[in-house]
Structures are given as structure tokens and as C-alpha cells.
Amino acid sequence: MSRAAETPHVADSHELIRVHGARENNLKDVSIELPKRRLTVFTGVSGSGKSSLVFNTIAAESQRLINETYSAFVQGFMPTLARPDVDVLDGLTTAIIVDQQRMGADPRSTVGTATDASAMLRILFSRLGKPHIGSPQAFSFNVASISGAGAVTVERAGRTVKERRSFSITGGMCPRCEGRGAVNDIDLTQLYDETKSLSGGAITIPGYSMDGWYGRIFSGSGFFDMDKPIKKFTKRELNDLLYKEPTKIKVEGINLTYEGLIPKMQKSMLSKDVDSLQPHIRAFVERAVTFTTCPECEGTRLSAEARSSKIKGISIADACAMQISDLAEWVGKLKEPSVAPLLDALRHTLDSFVEIGLGYLSLDRAAGTLSGGEAQRTKMIRHLGSSLTDITYVFDEPTIGLHPHDIQRMNDLLLQLRDKGNTVLVVEHKPEAIAIADHVVDLGPGAGSAGGEVVFEGTVQGLRSSGTLTGKHLDDRAALKPSVRTPSGALEVRGANTHNLRDVDVDIPLGVLVVVTGVAGSGKSSLIHGSVSGRDGVVAVDQTPIRGSRRSNPATYTGLLEPIRKAFAKANGVKPALFSANSEGACPNCNGNGVVYTDLAMMAGVATPCEVCEGKRFQAEVLEYKYGGRDISEVLAMSVAEAEEFFGSGEAKTPAAHKILDRLVDVGLGYLKIGQPLTTLSGGERQRLKLVTHMAANGGVYVLDEPTTGLHLADVEQLLGLLDRLVEAGKSVIVIEHHQAVMAHADWIIDLGPGAGHDGGQVVFEGTPADLVAAHSTLTGKHLAEYVGS
């Protein structure tokens, strides 16, 4: 063999992704080398720096470099990404991020529109549907039917010619509900108090105060008498107050627009997703507005014309309402050479849904109602059949929301992506998913400032014997409790039929820890959120993410800042507003941000520490006021554990603040800095922060939706301790969960199934964990028995 044949080609020498000196968030000069075309799992406690390394460094730089290949014009329309704080990043390939961000909660977004399956169905019906009603947009519930005619002026050969033109667009939108599937009725008694006049504060909509601009606009419009009680208004005045279309008016020499209360509310509150509204506005909307299924389209969002066109007796509305596994079967039977490529693509997309374990969804399901795990798997569908190779796929806990039975399926998919020649990077906590890794990177040793270092790098076997926190807990198995608590009563659910539930009757024991489990799509959330969450005294902590800007931090989110500000104000004899970086105490140069942002158009913006306050966010004079010997910026720089000690005793004793800090330590967030921006927290940290705010509520029943999401094996023990403390304090705790450690720790298990979608929706077991293990009768029972080793 010639020597040339032995020498590897220089192009084959780039087999590693090299990271040197990564310092994003809490990373401490991390340097690692990751093998390409292998599956690497990143582990470590919540907050140890996994996301900072994988998402904010490797994936972010890959995306930034790709964006830089486009022209400046195109880059102007793209999100601008700053270069991560890292010395060297070498050997990167194109990164595709599949994260847990919930899909847009826009009321018009459905599973079908988010995955392009609806777009393909619309083309299919426009080609094969009988009677033929028009182009694909005639089947779209986002396109309204409009027509118009008029004279247009056209320049031709130097002469101006007037021509009559007409146009019409046939859309599929239901005219009554405008493609939303639901119509809202507004309870007028919640908008105003008819016994009062407008100047006397009759309007009860949040934010509509007569002291500000609204008062000027109402009084300056001249449409009604401001001092007359609303019940004495004429028909015309009441119509102007409630329904008037936007009208230009002049008030005190300023041009303004007056608009009736209802169209204004439609735009500002009702066009948004209810969950994204601020709490006080959401409470108002829930009081004032009732949403009912649209009587004209029966919730299908489509016009009668769009529903009239059928293929083999099935309309597009029927197709979207079918369970995807059934729809895949129906599409598979269609044989039509003229649309063969379209049918192939549609079949592939639908089969991917089934393969990934989402065959129980339907295409008309609102995207905002998917759980984090379902949203992540829906995003994976785009990449499953891709012919691209040598790509880096980055996954954020792909096993979230998966029953142990489904985790095997997800593992197969990850290995399938790797075997096509891709680099797969996975942030994960579940031992079953860590087990399939070719390479493991364990970050730690702790969380927050105690983390940010690579404590182990190597094989899964090496991790087991490494002595790191993850290594020690990898083979942890929770034992069944020797005895279970006795219920103090029962919460009755009768005839539950939300989504796929089949008239379920179940008694949920109170005063104990109840775990509701079952495969993904078996009806767990439908049962609990549909029949339990809305009841009096029930506090529900769901999976919706915390929306927080870089100005919000744990202190503002949990209400901790309030007692701290008051304590500072009282001790110094000044206003509490001075001790808020969002209010009067803010540094005027950086508006309380601590950094000054410079926008550089298509280049990444630059954030430089503010020279005036040196990043402390407050005016210099505010920092002269001390409490317990510390100024407000020093207090906000404390960790939760330090602050708990500081406000717990001595001259800085503040019981109201100490109580909230106690709860933060309880959920394992003692390492967080209380002034740290929410945007820097990991998913697991945010969910536990949310739990803290709900623990303050005066409910007797707590409903938690997968609280182990984003938690390291070591943190799960702490969570179980917290759940026990809640039960011992006389609360009833209901947990929707797949984690076997939580199931083993339960006093009572309700198992739904036997399958997903229309194969589920029944209670297949009720009883103690020991009975479930002994019965071996359900999928959950088999996996739990395997887990506890019996």
C-alpha cells in the first residue's frame, strides 16, 4: 500500500467541535472538545451552566455565523445575535435548535398551521375537492372573502387612462368568528357601573382612569355628557360610548382618535392570548367575556363554502378534526397520480407525527394548548425525514412530558439522527436518556455561581464511577413507601369528557399526595385542568413559561422587593419608590438597566456597563441610604441563602421578606441572586420560581403539572421533601407526573390509558403504588415495577 493512501486527507482532520474559554452567564472559562457525528449528553444540576454552554455558546455562535453569510439587507430583518463570550469556537457545523419554548399562543395557530400539514391539505382539497370552490386560500381560515370594484388611473404611453377594475378573493374564513372558532359575548355590567357618571368613575375596565388621557378624550369628544349617569344615556350616546368606530377628534388643540369601548377592548385585550395578559387584566377578561363555540362554523373556523367541498365524503374540517393517526390512514388510501408528490409529502409529515408519538393530536388543536414536551416533538417533525447530514441538532430535554414507555421511542429517534451522520447535542436529566450517550459532559459541581465548570467528560460508564453529583445519583432508585397516608376526604369528578376523556368518574383523595400518570396523550391534563383546576381553593401551577424581561428578577417576580423597599424607606424616612430601579431611584443615564444598549442595525447591539452607576442601576444618592449596614444594590446582589440570613435576624429583621426567601430556599433556589435578571434563569429554575409564588396562595389543593421538568436527579429528592411538607401542613397535593421517583413516593396513583388519543381517556388503575406494582396490569405498573426492582 502506498504511503499516500495511509495519510488521511486534511479535510478529514476536523472531527471535533472545540470550545475554549467559554464565559457565558456562570461558565468559568470552560474548555471542551466534542466528537462530531456522535450523541453527546450534557448533564448537571439545574442552573449548572448546561444551557449556557450548549445553547448560548455553541448553538448561538453557529446561528450567528450563518446569519453573517446573508447580505446586510437580509440581516436587517433577522434577530441580531451578539458573539458569545468565548475565546475559541472551532469546527462548528450548522446548528438546528429544537427547544422547549411553547409554540406561539396566537389563537389562530394550530398544530396543522405550525407544521405545514394544513398548507398541504389546503392544496389537496383545492385540486381534488368536489365541488371545486377555488384556490388553496379558499380553504384557509386565516383568509377572509372580500370583493370590490372601482375606477383606477393608469399611465399608458404618456397618456392618463381611466379604467374600471374589480377584484374578488375567496377565503375560507368563517365570517361570524373571523376564523377563531369561538365567539365572545361581553357582559356590559362588568365594563361600567350604570348608576355612576363617566366623570364619577363609571368605567371599571383596568387602566381606564378619567384622570389621564382617557378622561381628556372622553370629555373632549363631545359625544356625551360626562356628568350624567350611564343609565340615563340616550341610545345614540350609549352606542357612541360602546361601539363607535375610530373617529378623529381634536382635544385642546391635539389631534386624537376616539374609539368605542368594545372595539378598543377587542384590539387591546381580546385579540391576545388570555394567558399572556397581566394577571389583573386576565382576571377582568375572564369576568367580563364569555367564549362560546361559534354557532355558524361549529368551531371549525371555516366558512360553509369551504366545508362543502369534499374528497370521498370528507371535508377539510373533518380531516383537521380527525386524530392524526386516523388521518394518516385516510391519506394513505388516496391514489391520485396528478397530486402524487403532494400526497407523498403529506403522508410523510403525518407518519412522522405517529412515529414520534403524537398520533393522538388533531391538526385543528390550538398550538398554545400543547405542553412543552409536545411542542418540542412537534418541532422535531420538520427534521425527521431531512436529507441533510453533518448538521448539529441541539435538543433541550427531549424526554419532557414522556412516559417511560415513550422515552425508548425518543431515544431511537435521537440515534436515528446521529446515524445519518449528524452531531446530536442533548441537555438531559433522565438516566434512561443519558444511557444512550456516546459522550457525556457533566457540569457543576453546584448551581449558579457554584457551577459553571466541567466536572466530568467521558463515557456513561466513566460517569457512574466518577463520584460527581450526577454520577452518584445516576443509579438512584426510589423505594416504595412502607406505609401511605390516610385521605381526609375526596374530590369527586363525574362525567369528565374534555378532549379524549370518556365520561370519567373518579374520586381524588384529599389530604394526601396523589400522582396522576399515564402515557403522553392519555388524558391526564384534560382530567385535572378540565375538571379540577377551576374549582374554589384549587391552586394550579401549570407549565406555561414565566414571561420576564431583563428588568424583572426573582425579587420583583415573587413580590420580595415590596417588603424590602418598605423596610429601606421606613429606616431612612424616604419614599419606597426610590428603592426601585424601575421607578424614581433609577440611574438616569441607563434608566435603571445597569447597562447602556447601543443598537447597531444588522450588527449585534452592544451593551456597555453604565459609567454613571457602574452597573448598580441606582442613583448615587439612593445608595447612601443603608439598612442593616447594606445599601439596596448590595442587597440585590445577595444570593437567596445570604438574604434569608440577613433578613432573618439582627437589625435587618424583616419577617415579610424572610417568609418569601424561606420558600425560595425550600424549592432549592438558595443559590440564585435575588437581583439576577429572569432572562438568565433556566427552565427548571423558572418553574420552581413560579411554584414559590403559588405557594403563597391560600388554597387547600395544589395541582402541579410535571414539577420535575428541568430538575436534576439530586433535586428531585428535594422536591419530594417539599411535596411532603405541603401535605403535612394540611394541603392536598395532586401531581401530573411521569417520573418514577415521584410515583413511588405517592400515597395514591390514578393511571390513565390504556393508550393515547382515542385509545386512552379511561382510568385504568386507582390505588397505592404498591398495588400498582403488584398488579403489573398497566404500562405504568410494568415500568414502575422495573424501576423499584420488584
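**A nonpolar patch, the domains and the cysteines**

Tyr-70, Phe-73, Val-74 and Phe-77 form a nonpolar surface patch of about 470 Å². Patches join residues with over 30% relative accessible area and no salt bridge, like charges within 9 Å and nonpolar side chains (Val, Leu, Ile, Met, Phe, Trp, Tyr) within 5 Å. A salt bridge places a side-chain nitrogen of Lys or Arg within 4 Å of a carboxyl oxygen of Asp or Glu. Accessible areas follow the Shrake-Rupley method with a 1.4 Å probe, and for residues only the protein chains shown count as cover.

The model is predicted: local features need pLDDT of at least 70, side-chain atom pairs count only at pLDDT 80 or more, and totals for chains, interfaces and linings use all residues. Residues are numbered from 1 along each chain as its sequence is written, and side-chain values use heavy atoms, with hydrogens and water left out.

The domain assignment, automatic or from a database, includes domain 2 (111–174 + 297–356) and domain 3 (182–288). Taken over C-alpha atoms, the centres of domain 2 and domain 3 are 39 Å apart.

A search of the whole structure finds zero disulfides (pairs of cysteine sulfur atoms within 2.5 Å). Cys-174 is in no disulfide, its nearest cysteine sulfur being that of Cys-177, 3.7 Å away; Cys-174 is buried, with a relative accessible area of 2%. The sulfur of Cys-613 is too far for a bond because the closest cysteine sulfur, in Cys-610, lies 3.7 Å away. Cys-613 is likewise buried, at 5% relative accessible area.

Note on methods:
Buried means under 20% relative accessible area, exposed over 50%, partly exposed in between (1.4 Å probe, protein chains only).
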